[in-house]
There are 2 protein chains.
Amino acid sequence: MTDSSTGTDRIAPDWIAVDWGSSRLRAWAMRGAEAVAEAASDAGIGSPGAGGFAPALIALIAPWLQAGRRIPVLACGMVGSREGWVEAPYRRVPCVPVDRGALTFVSGTDARIALAIVPGLMQASPPDVMRGEEVQVAGALALVPGFDGVICLPGTHTKWVHVSAGEVVSFQTAMTGELFALLSRQSVLRHGMAGDGWDAAAFDAAVSEAMSRPERLAARLFALRAEDLLAGLPAGSARARLSGLLIGAELAAARPYWLGQPVIVAGDAALAGHYARALAAQGLRARVLPGAGVTLAGLVALRAPGD
Amino acid sequence: MTDSSTGTDRIAPDWIAVDWGSSRLRAWAMRGAEAVAEAASDAGIGSPGAGGFAPALIALIAPWLQAGRRIPVLACGMVGSREGWVEAPYRRVPCVPVDRGALTFVSGTDARIALAIVPGLMQASPPDVMRGEEVQVAGALALVPGFDGVICLPGTHTKWVHVSAGEVVSFQTAMTGELFALLSRQSVLRHGMAGDGWDAAAFDAAVSEAMSRPERLAARLFALRAEDLLAGLPAGSARARLSGLLIGAELAAARPYWLGQPVIVAGDAALAGHYARALAAQGLRARVLPGAGVTLAGLVALRAPGD
């Protein structure tokens, strides 16, 4: 658990913003649109289990709470999923990314908080869902007002979101981050992936290879292992090439999204940089925004509509 | 550990055939070309660890050994890899699948055995390797004399092997089995995969989908999760569709191998059946051979050249 506040007795937030995902819980003490303190823990929704959500949240934000005063807490992410605290029913696209009228309120948790959970979005056909990314979309739109185009949110499950006139029109998910983690840590390819380093040229070549011949993907993965066995392949080259193959395959599948569109990539700086670089090789200059920044901006926008 | 022999005191093999892979150790007590007893254990090369190979093997085959007599033991598979007992250097294609003159002999193990390990095959470009499958290729050629065409060996790492005039000309590996295991057991897709059942129509549709639009693969995996969340997807349909998408992607990548070629599929009956069905949908009637049968036939062929 980390707390970047300097003196907890001085924190008196108007409200608290929470991003609660599968593996991480993050909170900001807010005064209006300004974060005056920030805290995070590893109590992702996979960890607390049934009955443990309230204690996990209170443990993190207790320094900001006061007896006799109920502070609004606005939470987004997997906390609203079937495996989360309370299931917040999906809203159906096309629709605005977040809607103050559609929050799910959780009662009976702690007298010091009034908890509301942001619902995710669903798309009937092709079937797709998101939880948490809708807030990032709202944040990107708050940071780039009037943006029409495609927002790419790289992560465990990367989302490609088509927004127009302030609404989410459609979206598509790729499991690229999860595939990379499984293949680089748990498959036979892990033998050649231990170590640091990043071979940008290998990444570029793999993206190009995967995009130009996507039908050959299944034959290219094991080649990373074989090449290491036969000739020795530096871990930084192997990892970059695996990443490039998977991101290239994702770009091939997402082509109807990004082709000819203005694109924002919002996420972890290194990962967003890889996506922006891969798109640049396709002649597309994407705008990159920080992931945590767009999440907070989205929660702020939801808290204070009309900003 | 299983032993199908009826009375161990009656087993007096001429030699012992061994298939020693990553997760399984299997042995046959042989008289000439006939298996008179069979035993297996979970002591794959991943389990015994350094120094534990001899005890694991002896524990399995001890009932067939006699003091004062050294029995030839012929072993194939990952036992000859860098992580195995003794590394048996790869032979380079094009070459015959197995060569009695290229065995790696292991000395100093146990006075009752004379152990030889079959080397795997390597291909320089595109880089690829196999260990164990070369014996299956030899076995398929022993069972279907004069076969020219492509041998598909489905498994954790499926091999597509082009054979001509008794030689392995080239081969290609797909990690389909490992990807299926990782995705169905360890990814977010696992939530919808628990349970039995197999939806053959869902498999067929997914193969066709993956083959006709291979560039869309990355967008199709997460749809299995989303469809389950939104509409409920039976586990048997989800598993069959995941398998179909991955096998379809593999067939797309292996098209230069199987297109217009006679094809043998040799492996576990259920899995080989899926591959044969997917190929049949492409108008290709593959011949199916049992995996254990071809392994043993290959070891027999290697033991008794000129059969």
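User: In this model, are α5(B) and α6(B) roughly parallel or roughly antiparallel to each other?

Analyst: The model is a predicted one, and the general idea is that two packed helices are described by the angle between their axes and the distance between the axes. Here the axes of helix α5 (residues 217-231) and helix α6 (residues 235-253) of chain B come within 11 Å and cross at roughly 175°. Angles over 145 degrees count as roughly antiparallel, and α5(B) and α6(B) are therefore roughly antiparallel to each other.

User: Which residues make the contact between α5(B) and α6(B)?

Analyst: From α5(B) come B:Leu217, B:Arg220, B:Leu221, B:Leu224 and B:Glu227, while α6(B) contributes B:Ala238, B:Arg241, B:Leu242, B:Leu245 and B:Ala249. By class, the residues of this contact divide into seven nonpolar, no polar and three charged.

User: How should I read the area buried between chain A and chain B?

Analyst: The size of an interface is often given as the accessible area lost when the parts come together. Between chain A and chain B that area is about 3,500 Å², with carbon and sulfur atoms giving 70% of the total. On the side of chain A, the residues A:Met175, A:Phe222 and A:Leu230 supply 18% of the area that this chain buries against chain B, more than any other three residues.

User: How many salt bridges and residue pairs in polar contact are there between the two chains?

Analyst: The count is two salt bridges, and there are eleven residue pairs in polar contact. One of the salt bridges joins B:Glu83 to A:Arg225, with the closest N and O atoms 3.5 Å apart. Of the elements on the side of chain A that touches chain B, α5(A) gives the most, with eleven residues.

Key. Residues numbered from 1 in each chain as written. Chains lettered and ligands numbered in written order. Predicted model: local features only at pLDDT ≥ 70, side-chain atom pairs only at ≥ 80, totals over all residues. Heavy atoms only, no water. Buried area = accessible area lost by both parts, 1.4 Å probe. Salt bridge = Lys/Arg side-chain N within 4 Å of Asp/Glu carboxyl O. Polar contact = N/O pair within 3.5 Å; in protein donor to acceptor, adjacent residues only side chain to side chain. Helix = DSSP H or I, 4+ residues; strand = E, 2+ residues; numbered from the N terminus. Axes fitted to C-alpha atoms, helices over the stretch in contact; angles between N-to-C directions. Parallel < 35°, antiparallel > 145°, perpendicular 65-115°, else oblique. Contact = heavy atoms within 4.5 Å. Nonpolar A, V, L, I, M, F, W, Y, C, P; charged D, E, K, R; others polar.
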